Amino acid sequence: MTAQATGRIAFQGEPGAYSHEACRHARPGMEALPCRTFEDAIEAVRKGEADLAMLPVENSTYGRVADIHSLLPGSGLHIIDEAFVRVHINLLALPGTPLSAVRSAMSHTVLLGQCREFLRGHGLKAVTGADTAGSARIVAERGDPSLGALASELAGEIYGLNVLARKIEDQANNTTRFLVMSPRPDLNRRGAGGMMTTFTFRVRNIPAALYKAMGGFATNGVNMTKLESYMVGGSFTATEFYSDIEGHPDDANVARALEELRYFTSAVNILGVYPADRRRG
């Protein structure tokens with residue numbers, strides 16, 4: 001990761017969101033720019049208001065992040081890095097509040113579902129909030145010591161809350177994968193831990209097209225780490241596939257596999273070529 005980068009990096013959410021934490025982790029030298037939606041974060045880069053965007057694509061517990069895969073192909077941006085960030089959930093409360101005084105905890109519904117054992121064990125009522133950092137902000141604004149928030153330690157720092165309990169998530173390996181997006185591709189770098197290539201494609205309307213398109217990766221020894229499909233334009237017949245593979249398009253075996261893929265597809269769109277994060281796998 002680029003520790004000395006300057007400029008701005010856009011993310012979706014309020015200050016203190018886990019995407020904000022990912023920005024600090026992957027681009028600590030950049031100013032983080034909060035945006036209301038994923039589309040707003042992408043548009044901030046398009047307009048030059050930010051240099052990069054940090055977008056979550058999947059979580060080890062809950063799977064892919066809704067809408068992201070369909071947004072990437074038309075974004076006009078390129079993946080230049082990936083970042084795997086451990087999602088540590090903490091119970092935050094007003095300064096001076098003991099754990100025994102907290103009666104309920106507010107957070108995004110997904111996060112509430114990741115802390116069921118802790119909430120049950122301490123008799124805390126789950127309160128659904130719009131998001132994690134926003135819940136921390138609400139706890140700070142309300143000034144009610146009986147209400148806590150489930151969020152990042154960064155959110156506690158920003159909104160002046162104390163951490164009453166750390167790392168209370170049920171799944172010890174809960175991790176979110178983020179993609180760093182840029183208006184320009186970076187195809188010349190080589191990562192010490194290997195390279196990743198992400199692309200989308202649509203198969204031609206011929207029998208066994210997907211099977212044949214995938215054959216080139218198997219015969220050329222290219223490891224495909226992800227293959228997902230989603231509908232295009234609300235049609236049940238128009239399907240686009242999203243894929244991650246290990247390797248660089250300039251590698252001989254990857255080049256052969258992509259050439260065979262193009263023979264059986266109507267469109268192939270490379271979204272990014274980037275170093276594999278050291279936490280991958």
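What follows is a set of questions and answers about this predicted model.

Q: What makes the protein chain as compact as a globular protein of its length?
A: Start with the make-up: the chain holds 9 helices and 15 strands. Its radius of gyration is 21 Å, close to the 19 Å that the globule rule gives for 281 residues, so the chain counts as compact as a globular protein of that length. Along its principal axes, the C-alpha trace spans about 65 × 40 × 35 Å. And 49% of the 281 residues count as buried.

Q: How do you know which share of the contacts comes from residues 24 or more positions apart?
A: Look at contacts with a separation of 6 or more: residues 24 or more positions apart account for 74% of them.

Q: Why is the pair of arginine 36 and aspartate 40 called a salt bridge?
A: A salt bridge needs a side-chain nitrogen of Lys or Arg within 4 Å of a carboxyl oxygen of Asp or Glu. Here the N to O distance is 3.8 Å, which is within 4 Å, so the pair qualifies.

Q: What makes arginine 177 and glutamate 58 a salt bridge, and where in the chain do the two sit?
A: Their N to O distance is 2.9 Å, and that is within the 4 Å cut-off, so they pass. The pair links distant parts of the chain: arginine 177 is in strand β11 (residues 175–182) and glutamate 58 in strand β3 (residues 52–59), 119 residues apart.

Q: Why are arginine 177 and glutamate 58 given the burial label they have?
A: Buried means under 20% relative accessible area. Arginine 177 has 2%, so it is buried. Glutamate 58 has 17%, also under 20%, so the label is buried here too.

Q: How do you know that glutamate 82 forms a salt bridge with arginine 177?
A: The closest N and O atoms of the two are 2.9 Å apart, which is within 4 Å, so the pair counts. Glutamate 82 is buried, and so is arginine 177.

Q: Which residues are linked with these in a network of salt bridges?
A: The network links Glu58, Arg64, Glu82, Arg177, Lys226, Glu228, Asp244 and Arg280. Across the whole structure, the search finds 21 salt bridges.

Notes: Residues are numbered from 1 along each chain as its sequence is written. This is a predicted model: local features need pLDDT of at least 70, side-chain atom pairs count only at pLDDT 80 or more; totals for chains, interfaces and linings use all residues. Side-chain values use heavy atoms; hydrogens and water are left out. Helices (H or I, at least four residues) and strands (E, at least two) are DSSP runs, numbered from the N terminus. The radius of gyration is taken over C-alpha atoms; the globule rule is 2.2 Å times the number of residues to the power 0.38. Buried means under 20% relative accessible area, exposed over 50%, partly exposed in between (1.4 Å probe, protein chains only). Contact means heavy atoms within 4.5 Å.
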